[in-house]
Amino acid sequence: MGRLEFTSAFQRKMSYNICVGSFPHRVGEEVQRDPIRETSSPSSVAVAIRRAGAKKITTEVLEAVETPPAPFEGEPAPTPKVLVKSYGCQMNVYDATRMADLLGREGYAETSSEEDADLVILNTCHIREKAAEKIYSELGKLAIAKRALNARGRDMKIVVAGCVAQAEGEEVLKRQRAVDLVVGPQSYHRLPELLREAKSGARVADTNFAVEDKFRALPAPSRAQIRARGVSAFVTVQEGCDKFCSFCVVPYTRGAEASRPVAEIIAETERLMDAGVCEITLIGQNVNAYRGLDARGRETTLALLLERLAQIEGLTRLRYTTSHPVDMAQALIDAHGAIPKLMPYVHLPVQSGSDHILKAMNRKHDADAYLSIAESLRKARSDVALSSDFIVGFPGESDADFEATMALARAVGFASSFSFKYSPRPGTPAADREDQIEEHVKSERLAALQALLEAQRQAFNAAMVGREIDVLFEKPGRREGQIAGKSPYMQAVHAEGSIEHIGRDVKVKIIAAGSNSLSARLMSEEAKA
Ligand code: SAM
Ligand code: SF4
């Protein structure tokens with residue numbers, strides 16, 4: 001085994017951080033030239049440590065560091081680490097980043113490793129039975145990890161957040177003894193004080209729909225936090241749902257529809273832009289039901305909000321998700337023709353193509369209404385593409401109902417879609433119906449629908465070949481000299497190009513379509529060819 005000599009406590013700590021692959025930004029930029037992984041050769045670890053500031057390396061051979069060194073006397077306690085794991089929708093992804101920002105202010109550093117974490121937060125999804133059950137199996141594994149850590153004299157706090165927390169509350173504490181804290185999606189701004197209670201031994205469940213404004217209570221992320229997350233970001237503009245589709249738990253777990261004021265959304269967007277973000281996706285359970293107040297206290301629509309945001313300098317792409325067909329106002333459809341920054345891609349869940357099932361689902365529109373929205377969107381902007389959500393096997397769904405769903409999918413032609421077997425959720429009206437569909441029928445229908453939707457996705461990708469489009473490059477590609485980004489239609493695109501293009505919309509020509517990504521050539525290179 002080799003030995004490394006340090007002249008300060010900081011250098012010793014850094015060697016540990018570098019060897020396990022997590023390091024502060026101050027030296028990160030240096031080390032990123034030769035990222036350190038568990039498999040990195042001892043000499044590359046040594047080089048990275050030298051770059052990071054170690055004065056003297058007595059040998060180039062280092063043994064992997066398995067446990068953190070004991071702190072030097074007088075050295076501050078090691079930074080606690082938090083791992084936030086998110087499940088389900090984009091709202092949860094957004095909430096997870098806000099929790100990490102909040103805990104950053106409390107001195108926590110983010111980690112992606114469970115072993116490293118002093119605090120693990122599962123930000124959960126309750127939409128289908130499988131999603132909820134997955135959380136309990138994850139908690140089972142965490143409980144074992146926690147016991148092993150406790151045996152080594154360390155602790156790990158486990159928090160259940162999100163919709164399972166909201167729906168099951170204290171039940172989670174009863175079902176899994178290792179859980180310290182349960183916090184609902186409207187209460188997570190209270191995490192710091194709840195964690196203090198948990199540290200003094202209390203096991204707490206807070207699932208109140210808080211009266212105070214959660215967003216105002218949350219601290220803004222730092223520039224470094226924003227930068228670390230890339231050039232594309234979510235901004236929540238609306239939460240909750242008043243639609244009460246008969247299959248869905250969201251109105252019970254996320255509460256009533258509420259919109260954030262325009263000024264708050266603009267301020268958050270400008271802060272993101274200022275730190276280098278250039279693509280914003282506005283999110284909400286029913287984003288197009290947005291009715292936030294403007295500076296004069298008047299209700300604003302999503303179309304007006306998009307128009308206002310499009311004026312922000314530095315912002316190149318705008319998106320919004322998820323929309324409900326009944327809130328697809330003509331002004332919003334027209335915005336697709338009027339705002340070039342608004343991407344020509346709309347996620348518009350339809351669930352079923354059968355009027356009889358749509359009625360039983362309480363969707364408040366029929367198949368024709370959906371088809372006419374699709375047509376209007378394409379009229380407003382001819383290159384608009386649609387994606388959707390489908391549910392098969394809703395109670396009472398006949399073969400003819402299912403055929404109507406297939407017919408609607410054929411008529412629209414989707415660029416991409418999510419499709420699910422109906423999952424009865426306790427407390428929702430459809431779960432109590434006696435005409436539940438047999439599991440094997442649901443499986444057969446799902447397979448048939450998914451085959452059709454997958455063929456449509458592949459056809460849409462293949463039709464991109466030869467097109468000249470803008471791609472927002474986001475990161476280096478897998479291969480040296482490659483960069484990777486997203487098309488306006490959220491397709492993964494890679495091209496040969498320098499990292500200078502990252503963070504910019506670049507004109508490319510699509511030269512090939514794979515099953516999950518597109519290959520492109522930069523137009524600047526195309527001109528030379
Ligand atoms: N608000 C969106 C809308 O109106 O369509 C959907 C939000 S929900 C979080 C996402 C998708 O989950 C739904 O579009 C639906 O397809 C699916 N989903 C919701 N409840 C379900 C259930 N009980 N069984 C199967 N899929 C379900
Ligand atoms: Fe659920 Fe329907 Fe509300 Fe969408 S609109 S979140 S599917 S209840």
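Asp399, Phe402, Thr405, Met406, Ala409 and Arg410 in α17 meet Arg445, Ala448, Leu449, Leu452, Leu453 and Gln456 in α18, where contact means heavy atoms within 4.5 Å. The model is predicted, with pLDDT of at least 70 needed for local features and 80 or more for side-chain atom pairs, while totals for chains, interfaces and linings use all residues. Residues are numbered from 1 along each chain as its sequence is written, and side-chain values use heavy atoms, without hydrogens and water.

Helix α17 covers residues 399-412 and helix α18 residues 439-462; their axes come within 10 Å and cross at roughly 5°. The helices are DSSP runs of H or I with at least four residues, strands being E runs of at least two, and the axes are lines fitted to C-alpha atoms over the stretch in contact, with angles from 0 to 180 degrees between N-to-C directions. The crossing makes α17 roughly parallel to α18, a term for angles under 35 degrees.

Another site is ligand 2. Around it stand Cys241, Lys243, Phe244, Cys245, Phe247, Cys248, Val250, Pro251, Asn286, His324 and Arg363, each with a heavy atom within 4 Å of the ligand. This shell divides into seven nonpolar, two polar and two charged residues.

Lys243, one of the residues around ligand 2, also has a polar contact of 2.8 Å, side chain to side chain, with Asp327. Asp327 is found in the loop between β13 (317-321) and α14 (330-338). Asp327 has a relative accessible area of 16% and is therefore buried, the limit being under 20% with a 1.4 Å probe and protein chains only.

Note on methods
Chains lettered and ligands numbered in written order. Parallel < 35°, antiparallel > 145°, perpendicular 65-115°, else oblique. Nonpolar A, V, L, I, M, F, W, Y, C, P; charged D, E, K, R; others polar. Buried < 20%, exposed > 50% of the residue type's maximum accessible area, 1.4 Å probe, protein only. Polar contact = N/O pair within 3.5 Å; in protein donor to acceptor, adjacent residues only side chain to side chain.
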